[in-house]
Amino acid sequence: MSEIQERIQRHIDARVGTGAETGVQVAVYRDGALIVDAVAGTADPATGRPLTSGTPIFSFSTAKNVVATLAHLLVARGFLDYDSPVVDVWPEFGVHGKDKATLRHVLTHTVGLPAMPREIGPGELPDWSRVCASLAAAEPRWRPGTAVGYHSYTFGYLVGELARRATGRRMCELLREWITTPLGIEGQLYFAAPPESLPRLARLEQQACPWPGDPDDGDAILAPWESRPSADFGNAAEILCTDIPSVGIATARGLATMFDAVLQGELVDAARLTDLSALAFEGTDQVFGTRARMALGFPIGRIGAPAEENSGAFGWPGGGGSYAYADPARRVAFALTKTRLVPNFDTALSVTTILADHLAGTR
């Protein structure tokens, strides 16, 4: 067992041992080699079924990393262009000033549709056509390209409908054909899990502690279900088996393998990798009020990184505490998935700090 594998394994064992976590997976590649594949805890606390590195876990917005990667593959394969208007393939989208919106705006979360139209709730998400029709008819909160705001569930439907119209394929099909099958990680990354795979999946649980509330003035842009992860939502068979590409099911090893393939040039060439990690839009996030630095499809910077690191890593965390990123400068692909939903990223931050210390000592 390598030093870094042992350190991270010992750490996540302790997190589970103290009750801070119930199940955790961590996978890290460096220069194409898997240097960490650690797992601790249970996949189902009710039965004691052990968690393994091959157990898929519903990991909320960490799946946006897969959506963004597929978007770049759509461009690389000639189906779309970053700056072509959305209406070129989706004419109905052009109402209410959205006629100038582009894939670039979608990828930088600047298209102006951060929240689902209010007629769309969790129960409507499986109805792809209805969701997309509502988004096409919606009025944006700002003129596309002029402001940034986290597109919680809308992001995956916007990219997914562009993909469907350009290729005739659903996102779950493109994920299988372009990523999981070529990389040999079938069963480790899903949009729309096959029903027969459900017994393999981990069960989520919700930490019994206060979660951040919504603004008292009723001005929250996102509905509570869009901003607050729910174990009931992530355990529901209908959701697990539905193509909802802003969220998804993954193992840490599957996510890290995908990002390593990006860094190694197996999925995108060097020029495309530059697009993935270059600053494309910077501003105040209209949803959260925080500073946002966006590459095409990803936030820039490792969460918790000190300012002096000047991190050029890119990747999405997921509500409840999961996280995945690629770091071109350090040649590292990282992923952490977990079964307990908590309102912080304490485990991800502590593990990435251990990794950063290790990498600093091996330069």
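Q: How far is the sulfur of Cys132 from the closest cysteine sulfur?
A: This is a predicted model. In it, the distance is 13 Å, and the partner is Cys172. That is too far for a bond, because a disulfide needs the sulfur atoms within 2.5 Å.

Q: And Cys172, which cysteine sulfur is closest to that one?
A: The sulfur in Cys241, at 11 Å. Again too far for a bond.

Q: Is Cys132 buried or exposed?
A: Buried, with a relative accessible area of 4%. Cys172 is buried too, at 7%. The cut-off for buried is under 20%.

Q: Switching to helices. At what angle do H4 and H5 cross?
A: Roughly 100 degrees. Their axes come within 10 Å. H4 covers residues 128–137 and H5 covers residues 154–167. The two helices are therefore roughly perpendicular to each other.

Q: Which residues of H4 make the contact?
A: Trp128, Val131, Cys132 and Leu135. From H5, the contact includes Tyr157, Leu158, Glu161 and Arg164.

Q: How do the residues of that contact divide?
A: Into 6 nonpolar, 3 polar and 2 charged.

Q: New topic: where is Thr257?
A: In helix H10, residues 252–263. Thr257 counts as buried, at 12% relative accessibility.

Q: What does the side chain of Thr257 make a polar contact with?
A: The side chain of Tyr29, at 2.9 Å. Leaving out residues up to four places away in sequence, Thr257 touches Tyr29, Leu183 and Ile185.

Conventions. Residues numbered from 1 in each chain as written. Predicted model: local features only at pLDDT ≥ 70, side-chain atom pairs only at ≥ 80, totals over all residues. Heavy atoms only, no water. Helix = DSSP H or I, 4+ residues; strand = E, 2+ residues; numbered from the N terminus. Buried < 20%, exposed > 50% of the residue type's maximum accessible area, 1.4 Å probe, protein only. Polar contact = N/O pair within 3.5 Å; in protein donor to acceptor, adjacent residues only side chain to side chain. Contact = heavy atoms within 4.5 Å. Axes fitted to C-alpha atoms, helices over the stretch in contact; angles between N-to-C directions. Parallel < 35°, antiparallel > 145°, perpendicular 65-115°, else oblique. Nonpolar A, V, L, I, M, F, W, Y, C, P; charged D, E, K, R; others polar.
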